[in-house]
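Me: I would like to go through the words used for this structure one at a time. Please set each value against its definition.

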Amino acid sequence: MNTGVKDGGTRTASTQADAPPLALLARIVPEDVVCREVLGDPDGIVLHPDEQTLIARSVESRRREFTTGRHCAHRALEDLGHPADSILPDAKGSPRWPSSVVGSITHCDGYRAAAVAHASRVRSIGVDAEPGGPLPDGVLEAVALPAEQRRVGEQLARWPGVRWDRLLFSAKESIYKTWYPLMRAPLGFEEADIVFHRSEEVDTEPGAHLDTGTFTARILPPVRERGFPQQLTGRWLARDGLVLTAITLRAAPAPQAPR
């Protein structure tokens, strides 16, 4: 899924030494998913040489988001107990994780994050962060089914504090990030139908609040016949000018030995 809108110890920590730990993505993933997230791009990050080669000719903004995103991924792997080796992309640009790990990286203006988990417990992860403003003109119509467009309009009228159009785009990105590592095949925006559910939580900061909830996504024919789950459940959050979505697809339980 790609429209050109985007610029893809402790359980969660900021990479800025003098900043308090963030707890945005960590709110919407299970306890056994390890997150690292940061606002901005700290100075002094050094990537592995083969990672640096990937962005040697990129523009400055791309170098910074890639560098900080990989830095978050390295730190998350270390927190999980894995060496922070190079994380190189496959032919489609998807990160190639160690064989015993699943993960996902996201970045948008001012925010970078990564989430990883043991493959024995989690089959796939998809996370996405977006700026909390409205989608550019015409993008909602390009990415949303007619029923989704109708629901987005109803939710914007009822809860205007959340940019439901941007949230829908983010959820579709998280679905693709969950889908692709398993299926290695395209998934169009029109091949998943998403329904959001909202709840409101009081934040730990005095006077602050956040909007959060869950969403369900039906994978539509014909792609749902390929062995991927027909329905996914994810979580979302809107706070501090950002919207985030996450899907954690559990690994199948190990078969029980006969008694």
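This is a predicted model: local features need pLDDT of at least 70, side-chain atom pairs count only at pLDDT 80 or more; totals for chains, interfaces and linings use all residues.

Me: What makes a stretch a helix or a strand, and how many does the chain have?
Reply: Both are DSSP runs, numbered from the N terminus: helices are H or I with at least four residues, strands are E with at least two. The chain has five helices and eight strands. Along the sequence they follow the pattern β-α-α-β-β-β-α-α-α-β-β-β-β.

Me: Why are β2 and β3 said to pair?
Reply: Two strands pair if DSSP finds at least two bridges between them. Eight bridges join β2 to β3 (residues 111-118), so these antiparallel strands meet the condition. Glycine 103, for example, has valine 116 in β3 as its bridge partner. The two strands form a hairpin with two residues between them, and glycine 110 in the turn has a positive phi of about 90°.

Me: What makes β1 and β2 edge strands?
Reply: The open sheet has three strands in the order β1-β3-β2, with antiparallel pairing. β1 (34-39) and β2 (101-108) each pair on one side only, and they are the edge strands. Six bridges join β1 to β3, and cysteine 35 stands opposite alanine 115 in β3.

Me: How do you know that helix α2 packs on this sheet?
Reply: Contact means heavy atoms within 4.5 Å. Helix α2 (residues 60-80) touches β1, β2 and β3. Its direction makes about 30° with that of β3; axes are lines fitted to C-alpha atoms, for helices over the stretch in contact, and angles run from 0 to 180 degrees between N-to-C directions.

Me: Why is threonine 212 called buried?
Reply: Buried means under 20% relative accessible area, exposed over 50%, and partly exposed in between (1.4 Å probe, protein chains only). Threonine 212 has 3%, so this residue counts as buried. Threonine 212 lies in strand β6 (residues 209-219).

Me: Why is strand β4 called largely enclosed?
Reply: Eight of the 10 residues of β4 (residues 122-131) are buried, so the rest of the structure largely encloses this strand. β4 runs antiparallel to β8 (residues 242-250), with nine bridges between them. β3 is mostly covered too, with seven of its eight residues buried. Over the 259 residues of the chain, 51% count as buried.

Me: How many disulfides are there?
Reply: A disulfide is a pair of cysteine sulfur atoms within 2.5 Å. A search of the whole structure finds zero. Cysteine 35, with a relative accessible area of 0%, is buried, and cysteine 108, at 1%, is buried as well.

Methods: Residues are numbered from 1 along each chain as its sequence is written. Side-chain values use heavy atoms; hydrogens and water are left out.
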